Amino acid sequence: MSDIESIIRQMTLEEKAALCTGEGPWATTPISRLSVPPLVMSDGPHGVRHPIDIDKIGSLSHSATCFPTASSLACTWDVALMHEMGQALAEEANALDVGVLLGPGNNMKRTPLCGRNFEYFSEDPYLGGEIAASLIEGMQSRGVGASLKHFAFNNQEYQRFSISAEVDERSMREIYLAGFEKAIKKGKPWTVMCAYNKLHGTYCSEHYWLLVDILKEEWGFEGLVVSDWGAVHDRVAALKGGLDLEMPGPKESRVQAVIRAVRDGTLSGTVLDEAVRRILKVVCKAAETPKGEAFDQQTHHILARKIAVEGMVLLKNNGILPLKRELKHIAVIGRAAKSPHYQGGGSSHINPTMVAIPFEELQRQAGDTQLTYAEGYPSDDQFRQELIDQAVSVASGAEVALLYIALPTYKESEGYDRTDLDLTEQQIALIKAVGDAQPNTVVILNNGSAIVVGEWIQHVNAVLEAWMMGQAGGGAIADVLFGKVNPSGKLAETFPVKLSDTPAYLHYPGENGKVTYGEGLFIGYRYYDTKQLPVQFPFGYGGSYTTFAYSNATVSANTFKDADGLTVTVDVTNTGSVAGKEVVQVYVHDHKSALIRPYKELKGFAKVDLQPGETKTVTLVLDFRAFAYYHPGYRQWITEDGEFDILIGASSADIRCKQTVVLQSTQQLPSLLNQESTIREWLDDPRGKAIFAPMFERMVAGMSQSMGGETDADEMIGIDIMTMVMDMPLLNVLNFQEAALPATPEQIVSSLLQQVHQLPE
Ligand code: BGC
């Protein structure tokens with residue numbers, strides 16, 4: 001293709017309008033006379049779902065490797081591995097002639113009830129952003145574009161096509177946008193997919209602030225914004241709002257609306273050209289990548305198995321795992337052992353190249369050990385006691401029972417939310433009955449997001465969270481159970497004790513078309529930590545077959561400037577007898593801040609591989625943002641002078657080392673004082689204090705006099721006057737003293753404000 005500007009110059013208005021809406025379900029409109037090919041897109045995110053009939057939305061797709069879904073990927077905490085997975089995804093996309101893969105999804109897990117959480121990484125934007133960026137970089141390093149989705153505030157499936165998210169500015173910036181921001185600035189995806197829902201009453205597909213002010217201008221996103229499939233309501237409004245490409249097509253009425261709007265002057269030709277330019281850039285980049293070379297299915301299956309292992313989280317183990325090789329008889333219970341639940345329902349559903357059956361994989365590794373199977377629970381929501389009875393009888397006759405428990409699709413999928421966090425009634429009864437009959441019972445879970453386990457966990461010896469583990473997950477489970485691989489996954493989301501403990505419980509799912517994010521910044525561990533609420537399994541937690549010791553934590557400086565950041569090191573030693581991997585996590589706790597902050601926040605992590613007895617030094621760099629928070633008053637990220645704890649740990653609840661440092665802010669911030677500022681705010685503001693302090697002293701003296709003398713003032717009205725006055729606006733205090741003032745209270749405050757603003761920042 002020749003250069004983009006020259007193509008744009010040669011395009012007719014009709015061609016431009018047509019390019020901005022897809023030609024079919026999965027491709028953009030080609031312009032053959034100018035040699036512009038179609039751009040082919042496919043889901044996404046954890047495999048290539050490329051339909052055999054590209055003209056149909058829901059047709060059977062070509063087979064491709066089904067990797068583990070996002071919940072599992074985030075629990076690997078392994079950015080290098082994510083890069084490798086991204087490359088593998090790109091190889092498959094190239095083989096299938098796909099230019100852009102629709103993923104990854106990086107919406108925050110606001111509530112574990114979101115049915116689509118299996119496609120999202122975490123409740124933490126730092127972790128989600130890092131994992132997403134790595135996947136994107138991996139894909140794009142092999143010439144396939146990523147489409148980071150769903151931008152933004154698509155944190156529930158309930159009414160996802162219409163609901164309006166009502167979110168305060170600080171929570172948007174620090175939680176919901178932060179993960180996207182990191183992934184976009186670091187990963188530089190070719191495309192971003194807008195969400196279906198509204199934000200503050202405006203569809204995300206038409207949201208100028210979201211798509212233009214923030215995404216394109218503030219963050220410098222240079223790619224194209226594509227709609228979620230069917231998210232556009234008004235094509236012209238969407239173009240004005242920054243949405244470049246509408247999918248799917250064809251939609252002739254939309255094309256005609258754009259043509260009319262340009263002709264009658266309601267849509268500027270420059271806005272249309274900008275969308276065309278962004279689309280052509282991606283079309284050209286995709287066209288540069290050679291397509292059609294076959295990928296190695298076996299190699300990718302092996303990679304999928306490795307990733308599945310790394311994402312598995314050992315939630316409980318009283319010593320039964322790894323299983324002993326000399327076992328003679330194992331009971332294998334649960335449908336998921338023979339019909340694995342390895343991916344979620346909806347647009348991400350992959351037609352796998354092969355599927356590892358957990359039972360067969362166990363058999364392969366179990367050698368001469370006898371395996372006896374019982375179904376345990378049905379595929380529907382019927383309660384079948386006879387299946388439990390059979391399972392108990394099989395379990396009693398064996399030395400160990402392995403229970404494969406998968407959360408059924410009717411409880412969790414794209415398109416609808418969960419109504420509770422429980423396993424099915426039958427599964428709970430099954431686990432309890434088998435656990436009571438067999439003293440060596442292990443539960444293996446397949447689900448997409450946190451569940452509650454309190455009712456049954458005491459009945460079993462071990463629990464392995466295997467997630468939606470991808471097509472190779474069956475083998476990965478066997479690897480972990482038999483200790484071929486030491487588990488090293490750590491939770492990217494908190495497992496609560498009960499649903500009513502979850503942060504959004506009182507605000508989800510919303511009503512009258514709106515969902516208010518009333519819990520604000522406090523989602524996930526930010527909430528449980530700050531509120532000091534017990535959880536079942538904390539964020540960052542995961543067991544191992546070995547143990548790790550942390551020592552020699554250091555910081556590069558005890559006092560440092562925000563712009564310089566801080567380097568943290570810590571030695572980690574494998575103190576057990578088998579090799580293993582540890583995820584070292586660094587959280588930052590601010591001692592004092594003008595605005596409320598979560599007790600601590602994740603700001604760095606690293607995964608280290610250690611042989612028994614081996615020690616490695618982990619180095620992590622904390623930048624300006626590690627200490628900053630978004631201040632809606634200043635409308636920017638700010639740092640404040642003061643002490644911070646650097647908390648280094650094995651999970652959010654298992655902090656092993658602490659270093660206290662002093663930050664010196666180098667920011668020059670304007671004063672926020674205004675006509676309504678309180679006495680305390682005047683005194684807390686350094687410039688305000690300089691101007692106001694002499695007057696304050698006079699006011700205090702005057703007040704006590706007017707109340708009848710210093711000593712009696714408080715007693716006369718039974719109140720501590722000074723305490724009360726501190727949080728009154730200066731203006732109101734002056735109003736009480738008006739008779740004694742040389743000017744009106746408004747004039748006095750205005751004059752003080754003027755003096756403050758004249759002082760240097
Ligand atoms: C989903 C997207 C997906 C698209 C295309 C939508 O319903 O929300 O994640 O990429 O369909 O299948």
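Tyrosine 373 counts as partly exposed because its relative accessibility is 26%. The scale behind that label works like this: buried means under 20% relative accessible area, exposed means over 50%, and partly exposed lies in between, using a 1.4 Å probe and protein chains only. The model you are looking at is predicted, so local features need pLDDT of at least 70, side-chain atom pairs count only at pLDDT 80 or more, and totals for chains, interfaces and linings use all residues. Residues are numbered from 1 along each chain as its sequence is written, and side-chain values use heavy atoms, leaving out hydrogens and water.

## Rings that meet

Tyrosine 373 has a ring partner. Rings of Phe, Tyr and Trp (its six-membered ring) pair if their centres lie within 6.5 Å; planes under 30 degrees apart count as stacked, over 60 as edge-to-face, and the rest as tilted. The count of aromatic pairs by this rule is 21. In one of them, the centres of the phenylalanine 359 and tyrosine 373 rings are 6.1 Å apart and the planes stand at 80°, so this pair is edge-to-face. Phenylalanine 359 belongs to helix 13 (residues 358-366) and tyrosine 373 to strand 13 (residues 370-374), so the pair links distant parts of the chain, 14 residues apart. Helices (H or I, at least four residues) and strands (E, at least two) are DSSP runs, numbered from the N terminus. Phenylalanine 359 is buried, at a relative accessible area of 13%.

Another pair is formed by phenylalanine 692 and phenylalanine 696, which is tilted, with 5.7 Å from centre to centre and 45° between the planes. These two phenylalanines are four residues apart in helix 20 (residues 686-706), which separates them by about one helical turn. Phenylalanine 692 counts as buried at 0% relative accessibility, and phenylalanine 696 is buried with a relative accessible area of 16%. Ring pairs also link a cluster made of Trp77, Tyr126, Tyr525, Phe539, Tyr587 and Phe605.

## Around the ligand

Which residues come nearest to the ligand? Among the 14 residues around it, they are Asp43, Arg116, His150, Tyr196 and Asp228. Here, a residue is near a molecule if one of its heavy atoms lies within 4 Å of it. The shell divides into five nonpolar, two polar and seven charged residues. In this grouping, Ala, Val, Leu, Ile, Met, Phe, Trp, Tyr, Cys and Pro count as nonpolar, Asp, Glu, Lys and Arg as charged, and the others, Gly among them, as polar.

The table lists distances from an oxygen atom of the ligand to an N or O atom in a side chain. A polar contact is a pair of N or O atoms within 3.5 Å; within protein, one must be able to donate a hydrogen and the other to accept it, and residues adjacent in sequence count only if both atoms are side-chain atoms.

| Ligand atom | Side chain | Distance |
|---|---|---|
| Oxygen | Arginine 116, N or O atom | 2.7 Å |
| Oxygen | Arginine 160, N or O atom | 3.3 Å |
| Oxygen | Tyrosine 196, N or O atom | 2.8 Å |

On its own, the ligand has 310 Å² of accessible area, and the protein covers 93% of that. Accessible areas come from the Shrake-Rupley method with a 1.4 Å probe, and for residues only the protein chains shown count as cover.

## A covered helix and a covered strand

Why is helix 7 (residues 178-187) described as largely enclosed by the rest of the structure? Seven of its ten residues are buried. The buried residues in helix 7 are Ala178, Gly179, Phe180, Glu181, Ala183, Ile184 and Gly187. After helix 7 comes lysine 188, with a positive phi near 45°.

Strand 10 (residues 313-317) is mostly covered, with four of its five residues buried. Its partner is strand 16 (residues 462-465), and the two pair in the antiparallel sense over four bridges. Two strands pair if DSSP finds at least two bridges between them. Across this pairing, lysine 316 stands opposite valine 463 in strand 16.

## Backbone details to look for

Glycine 103 and proline 104 are joined by a cis peptide bond with omega of about 5°. Proline 104 sits in the loop between strand 3 (100-102) and helix 5 (125-141). The bond from tyrosine 508 to proline 509 is cis as well, with omega near 5°, and proline 509 has its place in the loop between helix 16 (473-481) and strand 17 (514-516).

Where does asparagine 552 lie? Its place is in strand 18 (residues 548-555). The phi of asparagine 552 is positive, near 50°, in a residue other than glycine. Asparagine 552 counts as exposed at 52% relative accessibility.

Arginine 635 has a positive phi too, near 55°, and is a residue other than glycine. The loop between strand 24 (629-631) and strand 25 (636-638) holds arginine 635. With 54% relative accessibility, arginine 635 counts as exposed.
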